[in-house]
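Subject: Structure handover and notes

Hello,

Here is the structure you will be taking over. My notes on what was found in it follow below.

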Amino acid sequence: MSSEYSEDRLVQQTTANFFEQTLKWHSVYAYKKETFGINGTLGRKDKREVVLTRYLRQALERFNPGHPNQVYDDATLAFTTSNISDQLVTINQKKYQLIREGILEKPYKNSEGETINPRLKVIDFQNPENNHFLIVRELSIEGSLYSRRPDIIGFINGIPLLFIELKATHRNVRVAYEENYTDYKDTIPEIFHHNAIVMLSNGIMGKVGSITSNYSHFQEWKRLEELELGKVDYQTMLIGMCSKDNFLDIIENFILFDDSSGKTIKILTRNHQFLGVNRAFTAIQQRKVREGKLGVFWHTQGSGKSYSMAFLTRKVHRQLTGNFTFVIVTDRQELDNQIVKTFAGVGAVKETNTQAASGEQLAELLKDNHRYVFTLIHKFNKPGEIYSLRPDIIVISDEAHRTQYGKLAENMRFSLPNASFIGFTGTPLMESEEDQLTRRVFGGYVSTYDFQRAVEDGATVPLYYDNRGEELYYGDKGTQRQVAADKELNQRLATAIEQFELDAEQEEAVRRRLGGEYLILTAEKRLDRIAQDLVAHYTQRWQTGKAMLVCLDKITAVRMHGLIDKYWKQAIQAQKQLVKQAADEQEEVEHQQVEHQQVEHQQHLQWLQSSEYLVVISEAQNEVKTFKDWGLDIIPHRQIIKSRNLEEEFKNEKHPFRFAIVCAMWLTGFDVPSLATLYIDKPLQGHTLMQAIARANRVYEGKNNGLLIDYNGILTSLRAALARYSRAEVGSTDESITPYNDLDQLREDYAIALQSCIDHIANLGFNLQELVETAGFDKITALASAVNAVCTNDESRARFEVLAREIFKKKQALITEPKLTAPYQGRYNAIEQIYKHLHEQHKISLDINAVLRFLQGVVSEFINVDTSRLPGAESGKTYDISKIDFELLKAEFANSPTKNTSVQTLKEAVERQLQRMISCSTFNLL
């Protein structure tokens, strides 16, 4: 190769020149030119020194003047020596603590007799130009047995924080990892004791990671600003990470050590986290201008949202004046536990009592000055009570589109009137009323990182979609007819249900429970076929990783376990036959290929026999009886769930718990990188669908993609959700400074909705003010009269319910402005109580399970499943989701006739909903 294109001349020298000429670092070429001694090229005594103590000592004295020489000597010694029995990551974590927090030295008395407790900083993070930035090419380093010359080492004040390994432009970057970097970690580990950033490049492509990163976790750095399209470019990485300001920002605020998994992992920020967190940090600085609405931080699932929260909160605590308290709010106990575990794992939380166990404890925690408070939204259960007036409370709402707008969220806003709010979410704001409300409550996007971009950047793996659902049919006089909202089946069900002699309300309760296609989706023949295909399919993929099945409900999950168990045992018997057959063949013919085949068959058999497939569902009241009614026993499953830590077992890639059967648990906020296959047999859409499929998109060594198996026909919902996940949906992201609505208009809309409902009740002969003003037994009597008036007939009750829901919706739009709704609170409470009375007091006393079981038998006898495809065989309907043309998809759904029409007047909305309710009164199960 011409020297003009060599690694040394073209890539290494170009890199050094860029550091020196563009990034303004000093540059030295050391190979065969370095002289040793205090006045030598770098001031090193010999090749064993990896910290340039000359520059370190200068920085210590410059940043921490006035101490005796012994203090500087001791600090230098403490900083440059390590316990050789410690693991590399342990040494690195200890050194990082000194770099970030300073070196704490022994107390001494000064000339005036005062006790000095010196903590010496080694880097001036606030003033980058006060530091000495140096890159050294070809620095010779001697380890205990070996000598090596890394391509480039970057030093800040003599501290080797940056390691760069380079290859020629025609070589794969992975070679730098496998042949050089890993060798250096074995032969000269001392150079990584203080390391912060590891870069690998061939001059064209660049990858960056930490000392604990597998190659699959080395990331590209494509953008200098969030809205840029981005490009795979080594030069962009150098500018984005090694400009002096950014480099020190990363060192100070964007490195974590996480031991929550049982082993310590060093976390280095990804490109999107660095840009997004700094945008959120700016929003917090502008919280007064933004009136407490800090925006929505949308980073798609699997892209490190919890770490982004930790980066943000640590940077605020370190750089902004004040005693900030971050209140991390979730809506599910498992999410609350997980985020507490993550924050504790990265060392952000050192207190043990900041997770609210009750509403009372939450109130006490918020009255104190804790750095972090973790709580469920449900713990804000003290209406009208102010917990704190502090303006330096920041509420981080995880999955901000869920449960942040009702009574509990209203309590939260009232209890923390001067707090600021930021919403973190893994799914985007769509066009639903709920998501538009999210915009009004939190503001617009403060940062976005969408599904497509995460795949392109390698932050998540591509997802493949495979539709394996089978057609259902029934026999009609020798003809096979497809089951699709068929009138014949509806007629049979209607006839069957007549024998139960249900009244109108009981019939409605059954219809609501069944939903659209419940009986068909849970038909025995259909579930049996799915179990058979699933076992055949997954056992063929036995070397790919773990898997999960998402079922329609808890009953179905337990039913599926029984069916999977049947076919799994059959698979074991079939595999035993293959092992025996291979052994017989080896006896007849001694051949290396036959021997290899026998070993593989035996390994597969051991995998089948050791694998566990377990149900993971939440506990429910009276569940023993409920499952018994279906002929199922929940107790063995519940014993396993309660006696074992299934979450940790499933996350452990080496544990034999390899297949989880769920219906709702573990679909959100549950990261298992080794999960490679997700089987879905549940209707999902929007946020829930995208959160579910993200279970399979985590990066894991040796995992090229995740596979999504669809038994339920979710393709249309998936395409609709993906259309809203494209980056074009986002547009300008920084909308949160400008309020979305005129508050006076929102208050007027609320008052009109309230008055419309009051007028309706008055027309039925009841004055609502009577309920508002009375007390004691008189109020109880008035409530009964109000309910009786509303229930004059079916239409009067339906109209009240529609009007009441309009009130609730309008009030949600003002959830951030409790002062505007306060004058109406008495009338609101009265209407809310009438509404609750209607729904709570009129619950049906009926064994719905008995009805469902009977109807299930009708359906199971009626339908059959197409079994023309062999179980586990290729479906021919597999797609790479990441290759979808998102622009085309978005345009398709933008022109869809189902797109929301323009906003209707209150009267039109009420009439439309009322007609829909009346039209649904006909009993129709499909």
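The charged end of R413 sits over the ring of F442, 5.6 Å from the ring centre. K811 likewise lies over a ring face, that of Y828, with 4.6 Å to the ring centre. A charge sits over a ring here if NZ of Lys or CZ of Arg is within 6 Å of the ring centre and within 35 degrees of the ring normal.

Please note that this is a predicted model: local features need pLDDT of at least 70, side-chain atom pairs count only at pLDDT 80 or more, and totals for chains, interfaces and linings use all residues. Residues are numbered from 1 along each chain as its sequence is written, and side-chain values use heavy atoms, with hydrogens and water left out.

Overall picture

The protein has 34 helices and 30 strands. These are DSSP runs numbered from the N terminus, helices being H or I with at least four residues and strands E with at least two. Of the 926 residues, 53% count as buried. Buried means under 20% relative accessible area, exposed over 50%, and partly exposed in between, with a 1.4 Å probe and protein chains only. Among contacts with a separation of 6 or more, 76% are between residues 24 or more positions apart; a contact means heavy atoms within 4.5 Å.

Aromatic pairs

The structure holds 37 aromatic pairs. Rings of Phe, Tyr and Trp (its six-membered ring) pair if their centres lie within 6.5 Å; planes under 30 degrees apart count as stacked, over 60 as edge-to-face and the rest as tilted. One of the pairs is Y96 with F257, which is tilted, at 5.8 Å centre to centre and 45° between the planes. Y96 lies in helix α4 and F257 in strand β13 (residues 255–258), so the pair ties together parts that are 161 residues apart in sequence. Both Y96 and F257 are buried.

The rings of Y750 and Y824 have centres 5.5 Å apart and planes at 80°, so this pair is edge-to-face. Because Y750 belongs to helix α26 (residues 743–763) and Y824 to the loop between α30 (818–821) and α31 (825–841), the pair ties together parts 74 residues apart in sequence. Y750 counts as buried at 0% relative accessibility, and Y824 counts as buried at 18%.

There is also an aromatic cluster, formed by Y538, W542, W568, W607, Y613, F659, Y679 and Y711.

A buried strand residue

V550 is in strand β24 (residues 546–550). With 0% relative accessibility, V550 counts as buried. Leaving out residues up to four places away in sequence, V550 touches V662, C663, L667, L678, Y679, I680, D681 and K682.

Helix α3

Helix α3 (residues 69–80) has 12 residues and reaches 17 Å from its first C-alpha to its last, close to the 16 Å expected at 1.5 Å a residue. The expected span is 1.5 Å times one less than the number of residues. Which residues of α3 are buried? They are V71, Y72, A75, T76 and F79. These residues cover an arc of only 130° around the axis, which puts them on the same side of α3; the arc is that of the directions from the helix axis to the C-beta atoms. On the other side of α3, N69 and L77 are exposed. The buried residues of α3 pack against α2 (53–63), α4 (88–101), β2 (103–104), β3 (108–109), β5 (119–120) and β10.

Strand β11 (residues 197–201) pairs with β12 in the antiparallel sense over 4 bridges; two strands pair if DSSP finds at least two bridges between them. The bridge partner of L200 in β12 is K207. The hairpin has 4 residues between the strands, and G203 takes a positive phi near 90° there. In a regular strand the side chains alternate between the two faces of the sheet. In β12 (residues 206–209), G206 and V208 point one way and K207 and G209 the other way, and all are buried.

Positive phi outside glycine

K24, which is not a glycine, has a positive phi near 65°. K24 lies in the loop between α1 (7–21) and β1 (26–29), and counts as exposed at 54% relative accessibility. N157 is not a glycine either, and has a positive phi of about 55°. N157 is in the loop between β9 (152–156) and β10 (159–166), and is buried, with a relative accessible area of 0%.

Regards
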